[in-house]
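Dear colleague,

I am handing over the structure below, together with notes on what was found in it. Please read the notes with the structure open beside them.

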Amino acid sequence: MFYAKYKHKASTPIEEIIYGLDSGYKAEDPIFVEGSFDCIRMRSFGLNCYSTLSNNVSDKQAELIKKYFTGTIYVMHDNDKGGIQMVDKFKELLYHSYPIRICKLPKSVKDPDGMNKKEALISKAEAKLIVELEAKKTTKSVSIIQRTILLSDFRQHLRDIYFEF
């Protein structure tokens, strides 16, 4: 039998809450996850993370995101149907206001709470690399040398992550 990891009280207005907004708030380049445990785990790794407390992002939550956050919005979704719905909802509500990037989880992991620090940092680094490559494409064409330098920086960042453990 399946049991939910957490259950909210019926009286909790989760559609009006961004979990983590009240503590350690940083506006630039937030990562959004579904659950509070996912958020706590990612924050323990030093990532700027917040939770929608559900895979159904509400209009009110989208308004809060527009009010409090800047830069690129990163979505680290669960590896299930609900996670895909969360990504679709983020794109629907915030596509015109922010660049939205997906942090891919390893296939062996069900949700962000199940990742170790190395997997979480690599997931964010890969999404950030895509943002940087796209930014270079829009401002001017990316030369082979520029792309090589960017990928070299990315590889060094990954080596730093691997040697940290």
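Of the contacts in the protein with a separation of 6 or more, 72% are between residues 24 or more positions apart, a contact being heavy atoms within 4.5 Å. This is a predicted model, in which local features need pLDDT of at least 70 and side-chain atom pairs count only at pLDDT 80 or more, while totals for chains, interfaces and linings use all residues. Residues are numbered from 1 along each chain as its sequence is written, and side-chain values use heavy atoms, with hydrogens and water left out.

The protein has five helices and four strands, arranged along the sequence as β-α-β-α-β-α-β-α-α; helices (H or I, at least four residues) and strands (E, at least two) are DSSP runs, numbered from the N terminus. Of the 165 residues, 41% are buried, where buried means under 20% relative accessible area, exposed over 50%, and partly exposed in between, with a 1.4 Å probe and protein chains only.

Helix α2 (residues 59–68) and helix α3 (residues 81–94) have axes that come within 10 Å and cross at roughly 65 degrees, the axes being lines fitted to C-alpha atoms over the stretch in contact and the angles running from 0 to 180 degrees between N-to-C directions. In this contact, Asp59, Ala62, Ile65 and Lys66 of α2 meet Phe90, Leu93 and Leu94 of α3. The residues of the contact of α2 with α3 comprise five nonpolar, no polar and two charged, with Ala, Val, Leu, Ile, Met, Phe, Trp, Tyr, Cys and Pro counted as nonpolar, Asp, Glu, Lys and Arg as charged, and the others, Gly among them, as polar.

The structure also holds six aromatic pairs; rings of Phe, Tyr and Trp (its six-membered ring) pair if their centres lie within 6.5 Å, and planes under 30 degrees apart count as stacked, over 60 as edge-to-face and the rest as tilted. The ring centres of Tyr25 and Phe69 are 5.6 Å apart and their planes lie at 70 degrees, so this pair is edge-to-face. Tyr25 is partly exposed, with a relative accessible area of 35%, whereas Phe69 is buried, at 2%. Phe32 and Phe90 form a tilted pair, 5.4 Å centre to centre with 45 degrees between the planes, and this pair links strand β1, which holds Phe32, to helix α3, which holds Phe90, across 58 residues. Phe32 is buried at 0% relative accessible area, and Phe90 is also buried, at 0%. Tyr25, Phe32, Tyr50, Tyr68, Phe69 and Phe90 form one aromatic cluster.
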